[in-house]
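Here is a briefing on one protein chain.

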Amino acid sequence: MPHTPITVSGVEVTPLCDAVGPMGAAIRRPLAEMFLGSELQDGPWDLHFHCYLIRDAAGRLTLVDTGIGGADSPAASWAPVPGTLAGELAAAGVTPAEIGTVVLTHLHSDHAGGVVVDGRPAFENARYVLQQAELDAAGGPVFDRLLTPIKDQLHAVEGEAEVSPGVHVHLAPGHTPGHQIARVGDVAITGDLVLHPVQLDDPSIRYVYDDDQETAARTRAEVLGALRAERAILATAHFGEPFLRL
């Protein structure tokens, strides 16, 4: 079942838990090796894979990220596929066809693995919003498998943009070249800006799978600093509890 939604500025934000589980052996490392500069002791790191459903006052629906996808997803080598996003949406009273906008924070397989089902767009009536920098960097299997089927529905933005009423995206690069976060009032849906709570205390702690660790650390410090000044609410992708007020 979905987590309890919150309402901000007349907009309902519902966390959808697509999956829970540890990283697979294909990319698993000791925690201190994954979070460089931390003093984390190795132990279980069960990731929660959250997507977010946004319903505005007029009933328009936006989905942020599409989860890990099915058993044949690109995430299958390391994530606990299949994801349960379709069931989470159904529990929230929503069908995929009702989604009008899909915001992809970035194209890593645990955030975009559910873009297509059986080679077809999973959200047939939606615009898929990506930063232009993310599209420019995409290639190979990701492009062929995830982007080609939705090419007629892609909507590229650069930097800050309002992608549906009350929903804004902001470029937050480093984890990937075109990584973006989404804002709804004082809620910030952060994608992989922050992977582990240790980075809230020290944003300089680097994540081994950031594409550009230096840029990611700088972006994390800047964005978290601004959000903390606002006393914003983080809506995280991988923490156990989806919402956290700074």
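The UniProt annotation "domain: Metallo-beta-lactamase", from an unreviewed entry, covers residues 48-238. UniProt positions follow the numbering used here, feature names are shortened, and annotations may be inferred rather than shown by experiment. This is a predicted model: local features need pLDDT of at least 70, side-chain atom pairs count only at pLDDT 80 or more, and totals for chains, interfaces and linings use all residues. Residues are numbered from 1 along each chain as its sequence is written, and side-chain values use heavy atoms, without hydrogens and water.

**Domain and sheet**
- Residues 48-238 are 25% helix and 26% strand (DSSP runs numbered from the N terminus: H or I, at least four residues; E, at least two).
- The end C-alpha atoms of that range are 5 Å apart.
- Seven strands form an open sheet with mixed pairing, in the order β1-β2-β4-β5-β6-β9-β10 (strands pair if DSSP finds at least two bridges between them).
- β1 (6-8) and β10 (154-157) are at the edges with a single partner strand each, so one side of each has no neighbour in the sheet.
- β2 (residues 11-22) and β4 (residues 46-55) run antiparallel, joined by 10 bridges.
- Pro 15 has Tyr 52 in β4 as its bridge partner.

**Second largest cavity**
- Its lining includes Phe 49, His 50, Cys 51, Asp 65, Asp 110 and His 238 (lining residues have an atom within 4 Å of a cavity point; cavity points lie on a 1 Å grid over the protein atoms alone, where a 1.4 Å probe fits but cannot get out).
- β4 gives the most to this lining, with three residues.
- β4 and α3 (109-112) each supply at least two residues.

Conventions: 1 Å grid on protein atoms, 1.4 Å probe; cavity = no way out; pocket = protein on both sides within 12 Å on 5 of 7 lines; lining within 4 Å.
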